[in-house]
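Good morning, and thank you for coming. I ask that you look at the sequence and the structure for a moment before I take you through some of the features.

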Amino acid sequence: MGAVGANARVLLIFAALTALFVAIGWAVGSVFMGNWVTGAIIFLVLAGLMNFISYFFSSKIVLMSYRAKLVTEAESPRLHKIVRQVSQASGMPMPKVAIVPSQTPNAFATGRNPKHATVAATEGILRLLTDDELTGVMAHEMAHVKDRDILVMSVAATLAGAISFAARSFFWGTMFGGGGNRDNGTIIIAIVAAITAPIAALLLQMAVSRSREYLADKEGAEMIGRPMALANALRKLDGYNKQMPMQMGNPTSSSLWIVNPFRGGSLVTLFSTHPPMEERLRRLEEMAGHGRF
């Protein structure tokens with residue numbers, strides 16, 4: 001997926017999530033302002049501001065939300081060496097390298113384009129994986145950089161998080177707050193809008209993420225010529241993330257990670273942004289068996 005395709009997907013996300021933001025504005029205007037037009041216009045302006053911020057600053061927002069620290073080669077020589085090897089194999093510029101202070105083993109990539117990319121690994125993944133397995137993970141992330149998925153996923157995560165926060169705030173404000181121009185029908189509709197907006201945002205993320213994960217697995221395996229390196233890493237990461245889910249960040253950004261770092265009830269599982277691990281492993285094992293790389 002080139003720059004044109006990535007930009008088209010970003011514009012689609014901007015349009016879809018802006019529509020959701022305006023829907024929340026309609027609800028706020030109807031309940032608290034007595035004028036849905038005012039609420040919709042205010043939230044349309046806010047949506048435009050959020051789109052601008054997410055496009056240019058989503059990477060920094062994501063890194064800050066996970067307390068990721070950019071590290072030099074002297075600070076993390078092993079990770080830098082592996083990332084450099086993979087970037088050279090992929091023909092991509094060397095990205096910035098960051099470490100997330102979490103023992104949950106995982107990794108993600110973020111940025112606006114390949115020239116402004118950052119790959120991040122948790123402290124846990126550096127302890128858990130062998131060099132071969134870590135190379136497979138970094139190849140997967142560099143495939144996301146190459147296909148410019150990093151912009152799409154970072155923007156989607158930032159906007160979905162903002163919508164989820166706004167909808168949740170409005171929901172509790174409606175439940176326990178006031179509003180002089182309210183009737184029961186309007187409140188019910190507004191609450192439904194507040195509940196469905198973040199769900200719709202998560203569904204959009206899920207649609208964006210799942211097909212791209214399969215492609216990044218395939219391209220990452222082809223990049224280093226060792227599908228089983230990535231398969232072995234994914235098997236380990238899946239098990240450990242189920243045992244020790246991440247305690248920081250927001251589930252709306254789960255699509256950025258190579259495996260879902262959050263675990264919870266049936267609702268979290270239902271809206272998982274990652275394809276089934278069994279299918280990812282099956283495809284990689286099939287690649288290895290047929291030598292398709």
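This is a predicted model: local features need pLDDT of at least 70, side-chain atom pairs count only at pLDDT 80 or more; totals for chains, interfaces and linings use all residues.

Arg148 is not a glycine, yet its phi is positive, at about 60 degrees. For comparison, most residues other than glycine have a negative phi. Arg148 has a relative accessible area of 26%, so it is partly exposed.

A second residue with a positive phi is Arg67, where the value is near 55 degrees. Where does Arg67 lie? It is in the loop between α2 and β1. With a relative accessible area of 53%, Arg67 is exposed, because the cut-off for that class is over 50%.

Let us turn to the sheet. Strands of a sheet pair through backbone hydrogen bonds, either parallel or antiparallel. In this model, four strands form an open sheet with mixed pairing, in the order β1-β2-β4-β3. Which strands are at the edges? They are β1, residues 69–70, and β3, residues 107–111, each of which pairs on one side only. Strand β1 runs antiparallel to β2, residues 96–100, and two bridges join them. Within this pair, Leu70 stands opposite Ala98 of β2.

Helix α5, residues 131–146, touches β3 and β4, and its direction makes about 25 degrees with that of β3. Helix α2, residues 36–65, lies across β3 and β4, the latter being residues 117–122. The angle of α2 to β3 is about 150 degrees.

His80 belongs to helix α3, residues 77–90. Is His80 buried or exposed? Its relative accessibility is 9%, so His80 counts as buried, because the limit for that class is under 20%. The side chain of His80 reaches two backbone oxygens: that of Val71 at 2.8 Å and that of Thr72 at 3.4 Å. Among the residues that His80 touches are also Glu73, Met94 and Val97.

The other site is Glu213, in helix α7, residues 184–224. Glu213 counts as buried because its relative accessibility is 0%. Which side chain does Glu213 join in a polar contact of 3.0 Å? The partner is the side chain of His144. Glu213 also touches other residues, including His140, Met153, Ser255, Ile258 and His274. Pro275 and Arg280 are likewise among its contacts.

Finally, I consider a pair of helices. Two packed helices are described by the angle between their axes and the distance between the axes. For α8, residues 227–243, and α10, residues 277–290, the axes come within 8 Å and cross at roughly 160 degrees. The two helices are therefore roughly antiparallel to each other, because angles over 145 degrees fall in that class. The crossing of α8 past α10 is left-handed. On the α8 side, the contact includes Pro227, Met228, Leu230 and Ala231. On the α10 side, it includes Met277, Arg280, Leu281 and Leu284.

Thank you for your attention.

Conventions:
Residues are numbered from 1 along each chain as its sequence is written. Side-chain values use heavy atoms; hydrogens and water are left out. Two strands pair if DSSP finds at least two bridges between them. Contact means heavy atoms within 4.5 Å. Axes are lines fitted to C-alpha atoms, for helices over the stretch in contact, and angles run from 0 to 180 degrees between N-to-C directions. Buried means under 20% relative accessible area, exposed over 50%, partly exposed in between (1.4 Å probe, protein chains only). A polar contact is a pair of N or O atoms within 3.5 Å; within protein, one must be able to donate a hydrogen and the other to accept it, and residues adjacent in sequence count only if both atoms are side-chain atoms. Angles under 35 degrees count as roughly parallel, over 145 as roughly antiparallel, 65 to 115 as roughly perpendicular and the rest as oblique. A crossing is left-handed if the near helix is turned anticlockwise from the far one by less than a right angle, and right-handed if clockwise. Lists of a residue's contacts leave out its neighbours within four places in sequence.
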